[in-house]
Amino acid sequence: MMQPHSLERAGFDPDELGSAALTAFFNITAAWHLGAEEERVLLGSPPRSTFFKWKSERAARLSADTLERISYVMGIYKALHILLPTQEVADAWVKKPNSARGFGGKSALERMLAGRVVDLADVRRYLDAQRG
């Protein structure tokens, strides 16, 4: 993952990147019908005031960790929309119990809400493997 300073050197405006990332993230979590606390965990549990500022303004200079988390959420969303037949089925999948290895009967959302980046990465890898 590129660090904030390397993003600037690569010609990315960190403020524009943060705005685009937050807009995409909150659009996805709205489609998944997530609450604020679930969204906070997926973002790495920022302070409540920071989280609600991000949510209302959709603008911030995000840390590399937060950008990585959002990237995984975006990849999961995209993979689901490739794999599943309708938008409704794809968006509902994250909350469905999953008997696949690594989920232990829990939903992908439950796995992701463990709060670690690796949990997001594992869900993304699972979906990428399903795509082939």
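Leaving aside its neighbours within four places in sequence, which residues is Ser107 in contact with? Here are some friendly notes on this predicted model, starting with that one.

1. **Ser107.** Beyond its neighbours within four places in sequence, Ser107 is in contact with Val94, Lys95, Lys96, Pro97 and Asn98. Ser107 lies in the loop that runs between helix H6 (87-93) and helix H7 (108-112).

2. **Asn98.** This partner of Ser107 is also worth a look. Asn98 is placed in the loop between H6 and H7, and its relative accessible area of 8% makes it buried. Not counting residues up to four places away in sequence, Asn98 touches Trp93, Phe103, Gly104, Gly105, Lys106, Ser107 and Tyr126.

3. **The nonpolar core.** There are 30 residues in the largest nonpolar core, and those touching the most other members are Trp32, Leu62, Leu80, Trp93, Met112 and Val123. At least two residues of this core come from each of H2, H4, helix H5 (64-83), H6, H7 and helix H8 (117-131). H5 provides the largest share, six residues. In soluble globular proteins, nonpolar side chains tend to be buried together.

4. **Trp32.** With its neighbours within four places in sequence left aside, Trp32 is in contact with Val73, Ile76, Tyr77, Leu80, Asp91, Val94, Lys95 and Met112. Two of these partners, Leu80 and Met112, are listed with Trp32 among the core residues that touch the most other members.

5. **H5 against H8.** How are these two helices arranged? H5 and H8 pack with their axes 9 Å apart and at an angle of about 25°. Angles under 35 degrees count as roughly parallel, so H5 and H8 are roughly parallel to each other. Their crossing is left-handed. The contact involves residues of H5 including Tyr72, Val73, Ile76, Ala79, Leu80 and Leu83, and residues of H8 including Val117, Leu120, Val123, Leu127 and Arg131. By type, the residues of this contact of H5 with H8 divide into twelve nonpolar, three polar and six charged.

6. **H2 against H5.** The axes of H2 and H5 are 10 Å apart, and the two helices pack at an angle of about 45°. That angle makes H2 oblique to H5. The crossing of H2 and H5 is left-handed. On the H2 side, Leu17, Ala21, Leu22, Ala24, Phe25, Ile28 and Ala31 meet Leu67, Ile70, Val73, Met74 and Tyr77 in H5. The residues of this contact of H2 with H5 are twelve nonpolar, with no polar and no charged.

7. **His33.** Two backbone points deserve a check by eye. Most residues other than glycine have a negative phi. His33 is not a glycine, yet it has a positive phi of about 60°. His33 has its place in the loop between helix H2 (14-31) and helix H3 (36-42). Is this residue buried or exposed? With a relative accessible area of 63%, His33 is exposed.

8. **Ser45.** Ser45 is found in the loop between H3 and helix H4 (48-57). Its relative accessible area is 44%, so Ser45 is partly exposed.

Key:
Residues numbered from 1 in each chain as written. Predicted model: local features only at pLDDT ≥ 70, side-chain atom pairs only at ≥ 80, totals over all residues. Heavy atoms only, no water. Helix = DSSP H or I, 4+ residues; strand = E, 2+ residues; numbered from the N terminus. Buried < 20%, exposed > 50% of the residue type's maximum accessible area, 1.4 Å probe, protein only. Contact = heavy atoms within 4.5 Å. Core = buried A, V, L, I, M, F, W, Y, C linked by side-chain atoms within 4.5 Å. Axes fitted to C-alpha atoms, helices over the stretch in contact; angles between N-to-C directions. Parallel < 35°, antiparallel > 145°, perpendicular 65-115°, else oblique. Left-handed = near helix turned anticlockwise from the far one by under 90°. Nonpolar A, V, L, I, M, F, W, Y, C, P; charged D, E, K, R; others polar.
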